[in-house]
Amino acid sequence: MRRPSDVFKAVLGLFLVIWATVNVESISTWAQALTELVQASPSWVILLLEVGYATSLIYVVIVFGALLAGGPERRPALRDLAIAGVTAAVLVMILSLIINDAWPYVFPEIGLEDPAPRFPVLRVGMVTAILVVIGPHVTRPLRRFGWLAIVATAIASVSLGYGTPTHIIGSFGIGLFSAGLLLAIVGSPRGYPDPHSVAAAVSKLGVPVNALEPAPYQTWGVIRFVGRDGDNELVDIKVHGRDAVESRLVAKLWHTLWYRESSTTLGYSRLQAVEHEALITIVADRAGVRVPQLAAVGSPTSEVSLISFRGIGTALPDMDPNDLTDELLTETWEQVGLMQKASLSNGSLDTSAVQMGPDGPIITDFAIGSLSADESDQATDIVELLFSLAVLVGEERAVRTALQGLGHQKLVAVLPYLQVPAVSPTTRRLTEKPKNLMSSLSSKVTEITESEMPEPVKLRRVTMRNLVMAALLFLVAWALIPLLTSVDYAEIWAVLESADWPLLVFALIVGHTQFFPQATATMCAVQVKLPFWPLLTLQTASQFVSLAIPSAAGRVAMNTVFLTKFGLTVPVALVQGSIDGFSGFLVQAAILILLLLFGDVQLGIGIDPADVPWLLILGVVALVAVGLVVTVLKIKKLRDRVVPVVKEAWAALKAVLQQPSRAFGLLGSNFVYWNVLGITLWLTLQAVGSDLSYGSALFAAAGTSLLAGFMPVPGGVGVAEATMTALLVTFGVDESTAFAVTVAYRVITFYLPALEGSFGARWLGKNGYV
């Protein structure tokens, strides 16, 4: 099986390698002192350290020999050992050649005098990878010996001068990364005992069983068997292997981070887990709840803990549908009511946790239950069972029997919890459309109980929208911090200090009007009526998103999501939203060409614009376009995807062009937009005393946007600043003034609007527009 912990090992290992690589030159004073002390020590001390360094190599030889002698069933372990060791060795050699321009030490304890620390340390990386990979295949004592061998090798490496503590940590990271990546790909043994071992273990606890078979319902980390005891009575046995603790820890940690829960206990040991389930089962029995009879509980071996029950029955999903009568379902809900009256919760109360015994329904599986359940715990139990019953017998019967068994008040109290997050992922997978079923279930409960649907309880701490917003903010910071730390603020302030500040404020006001023509362009590009204020807010939100997503992709994505809220399908919204961007590009290109050919733009590079080989440039562009078209038409998968979209886009563009008012509004709005940016830059130049013409300012604004848009850099951060500064210098503005004007222009037209757009994006999300 593939474990989340293996992915974590790979990620942690990669982090350690990166950290060590960045700090490869650092040598702690204590490590240097330790090396000097060892060098001054007697020869027997050095010999002892060399033996310690060799222990990990001895360990590998022992493990390899044991696996080799184990026969064909050990071949997967030998394969994993070899792949992990070779992978770690290759990574060590590559890094050593890059960093040290030399091969790593292989057998430094043999004949090497006065070694210099060298990163990575080959043996630490290789043995760590091998130990982590073969860990699931070997016994606990052998695993412990392996970790002791690595510790001894690490101490000896630092003492003998083969590497620094930083080198050891990085080498350990190489081993973790290599092993974790391999285990995440190929998997590792589940660590479950075979049925004969389980039968022997249960017998040690006083319950002899035979004819053990795996139960139909299994959970990660726990394997369930069903057998018969000496009286030929069915016995249910749950064996907690090495993954049981890990599975509960991961599940609980996930729920604690993602959902609002009051419980703070993250996990138990294997023995504590079975004792916990046994205790809740006993308390439920004393409260009058029909539960299976506890037969045995304990840890018969150091590797497993188990709990077994008698008096089990048939799970509801396995029963004949004709036997699932309303009386049986009502009695099931009555048992749930008794359980909750005693302040207990089950934690995983789906239909597979309810079994039909000789005396009626039995509640089982209290492994993650609670002895002091709060309202949320008990409500989610009811929602879990109600949802899974709705899949089994339909919403109508599930709700009506719940009403009869629980009562009106208890069922109405569950209404705020009728949400998909209240249901476990396993239960959600019982139906293809869990959201639709939950919605139908909520409507059925309100209908049958004649109640109003209350405000839903907030079950999640974190929503997908929160994660997306956090990711965007992280990318924004990632893009801005390098720029902000490299800016010469003194030089900028020296220019702006003497600027005409009222004119700068006016430029700020003009710059913020850019969103009005953007909004009207979008209105003209689509065929549905759009509310103006949300559409205007969308433009600022697009600025914020563009800080995280390169080029115009962010704006197109935001427009598409926004338009789907007004009835357009995703393909239509994508096409019609893209028309806005395409028309803006056409207007932008037209402005640049006209200014270059007929305006007062002076590039100052010694070439007359009339001599520029425009036909050659157009020919290259046409050649590239033809190449793309041929490629698309030749490859069927691309053709099937691209051609329909092109047809839709062409049809949408024709629809716009056939309506003069829409075409004029679309192109005119984009023309106004580019001139707003040109005026803003020109006003900023005037404020610092530059007499650059308006045509040159407009060319610089449009040209910067065009060139920055081709670069896959979010928001054009850094690229736009460099491009505009270069253009302004080309037009005769001195370098310090050009840079200061560029920074002021970008703050006015991009960074401030992006900051405002973060609030706009939140408002749009809160009101359901995105």
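This is a predicted model: local features need pLDDT of at least 70, side-chain atom pairs count only at pLDDT 80 or more; totals for chains, interfaces and linings use all residues.

User: How is the packing of two helices described, and at what angle do helix α1 (residues 4-22) and α7 pack?

Analyst: In general, two packed helices are described by the angle between their axes and the distance between the axes. Here α1 and α7 pack at about 150 degrees, with their axes 7 Å apart. Angles over 145 degrees count as roughly antiparallel, and α1 and α7 are therefore roughly antiparallel to each other. The crossing of α1 past α7 is left-handed. On the α1 side the contact includes Leu 12, Leu 16, Val 17 and Trp 19, and these helices also meet through α7 residues including Ile 169, Phe 172, Leu 176 and Phe 177. By class, the residues of this contact of α1 with α7 divide into 16 nonpolar, 5 polar and 2 charged.

User: Which residues of helix α20 (residues 515-525) meet α26, and how are the two helices oriented?

Analyst: The axes of α20 and α26 lie 8 Å apart at an angle of about 160 degrees, and the two helices are therefore roughly antiparallel, with α20 passing α26 in a left-handed crossing. Pro 517, Gln 518, Thr 520, Ala 521, Cys 524 and Ala 525 of α20 meet α26 residues, among them Leu 666, Val 672 and Tyr 673. The contact of α20 with α26 comprises 7 nonpolar, 5 polar and 1 charged residues.

User: At what angle do the axes of helix α11 (residues 326-341) and helix α13 (residues 395-406) cross?

Analyst: The axes of α11 and α13 cross at roughly 50 degrees and come within 8 Å, and these helices are therefore oblique to each other; their crossing is right-handed. The contact draws on residues including Leu 329, Trp 333 and Val 336 of α11, and on residues including Arg 397, Ala 398 and Leu 406 of α13. Sorted by class, the contact of α11 with α13 has 6 nonpolar, 5 polar and 3 charged residues.

User: How many salt bridges does a search of the whole structure find, and which residue pairs with Arg 224?

Analyst: Side chains of opposite charge can pair when their charged atoms come close. The search finds 12 salt bridges in the whole structure. In one of them Arg 224 pairs with Asp 365, the closest N and O atoms being 3.1 Å apart. This pair links distant parts of the chain, 141 residues apart, with Arg 224 in strand β2 (residues 222-229) and Asp 365 in the loop between β8 (360-363) and α12 (375-393).

User: Where is Pro 120 found, and which bond joins Phe 119 and Pro 120?

Analyst: Most residues other than glycine have a negative phi, and most peptide bonds are trans. Pro 120 is found in the loop between α4 (75-100) and α5 (122-134), and a cis peptide bond, with omega about 0 degrees, joins Phe 119 to Pro 120. The loop between α4 and α5 also holds Asp 101, which has a positive phi of about 55 degrees although it is not a glycine.

Note on methods. Residues are numbered from 1 along each chain as its sequence is written. Side-chain values use heavy atoms; hydrogens and water are left out. Axes are lines fitted to C-alpha atoms, for helices over the stretch in contact, and angles run from 0 to 180 degrees between N-to-C directions. Helices (H or I, at least four residues) and strands (E, at least two) are DSSP runs, numbered from the N terminus. Angles under 35 degrees count as roughly parallel, over 145 as roughly antiparallel, 65 to 115 as roughly perpendicular and the rest as oblique. A crossing is left-handed if the near helix is turned anticlockwise from the far one by less than a right angle, and right-handed if clockwise. Contact means heavy atoms within 4.5 Å. Ala, Val, Leu, Ile, Met, Phe, Trp, Tyr, Cys and Pro count as nonpolar, Asp, Glu, Lys and Arg as charged, and the others, Gly among them, as polar. A salt bridge is a side-chain nitrogen of Lys or Arg within 4 Å of a carboxyl oxygen of Asp or Glu.
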